Amino acid sequence: MLVRYTGMSLKSQFYLYGFGFILTILGMMLTDMWLPMVVGSLILMGLLVESWIQIFHVVPLHQEVRALKKQVEKLQHHYQDEKNL
């Protein structure tokens with residue numbers, strides 16, 4: 001979706017985008033600048049959802065794949081050791 005800023009952790013991005021989204025909604029209620037506020041809130045909502053998906057779905061999936069690769073390498077190494085005997 002949107003390109004993620006890599007200089008911050010995912011949780012920090014999530015909190016930053018959430019805070020920005022809340023401020024934008026508050027600004028929509030208090031001012032007459034609807035069009036810029038609606039555009040800003042949609043962009044921040046997209047960033048917020050993307051960081052939420054990264055934190056709760058993508059990162060754990062990468063960790064699980066990494067663990068499975070280690071298991072496969074261990075099994076391959078064990079199989080080659082038994083084959084050489």
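A: The crossing of H1 and H2 is left-handed, meaning that the near helix is turned anticlockwise from the far one by less than a right angle (clockwise would be right-handed). This is a predicted model, where local features need pLDDT of at least 70, side-chain atom pairs count only at pLDDT 80 or more, and totals for chains, interfaces and linings use all residues. Residues are numbered from 1 along each chain as its sequence is written, and side-chain values use heavy atoms, with hydrogens and water left out.

Now for the geometry. Two packed helices are described by the angle between their axes and the distance between the axes. Here, helix H1 covers residues 10-30 and helix H2 covers residues 34-84; their axes come within 8 Å and cross at roughly 155°. The axes are lines fitted to C-alpha atoms over the stretch in contact, with angles from 0 to 180 degrees between N-to-C directions. The helices themselves are DSSP runs (H or I, at least four residues; strands are E, at least two), numbered from the N terminus.

What sits where they touch? The contact of H1 with H2 has 16 nonpolar, 8 polar and 1 charged residues. Nonpolar covers Ala, Val, Leu, Ile, Met, Phe, Trp, Tyr, Cys and Pro; charged covers Asp, Glu, Lys and Arg; the others, Gly among them, are polar.

Let's zoom in on H1 with Thr24, which is found in that helix. Thr24 counts as buried, at 10% relative accessibility (buried is under 20%, exposed over 50%, partly exposed in between, with a 1.4 Å probe and protein chains only). Leaving aside neighbours within four places in sequence, Thr24 is in contact with Met37, Gly40, Ser41 and Leu44, where contact means heavy atoms within 4.5 Å.

Over on H2, take Ser51. Ser51 is buried too, with a relative accessible area of 2%. Not counting residues up to four places away in sequence, Ser51 touches Leu10, Phe14 and Tyr17.

Ile43 and Tyr17 are 26 residues apart in sequence, yet their C-alpha atoms are 9.5 Å apart in space. Ile43 counts as partly exposed, at 47% relative accessibility.

The C-alpha atoms of Asp32 and Gln80 are separated by 71 Å, and the two are 48 residues apart along the chain.

One last thing, from the record: an unreviewed UniProt entry lists residues 14-31 and 37-59 as "transmembrane region", though such annotations may be inferred rather than shown by experiment. Residues 14-31 are 94% helix and 0% strand, with end C-alpha atoms 25 Å apart. Residues 37-59 are 100% helix and 0% strand, and there the end C-alpha atoms are 31 Å apart.
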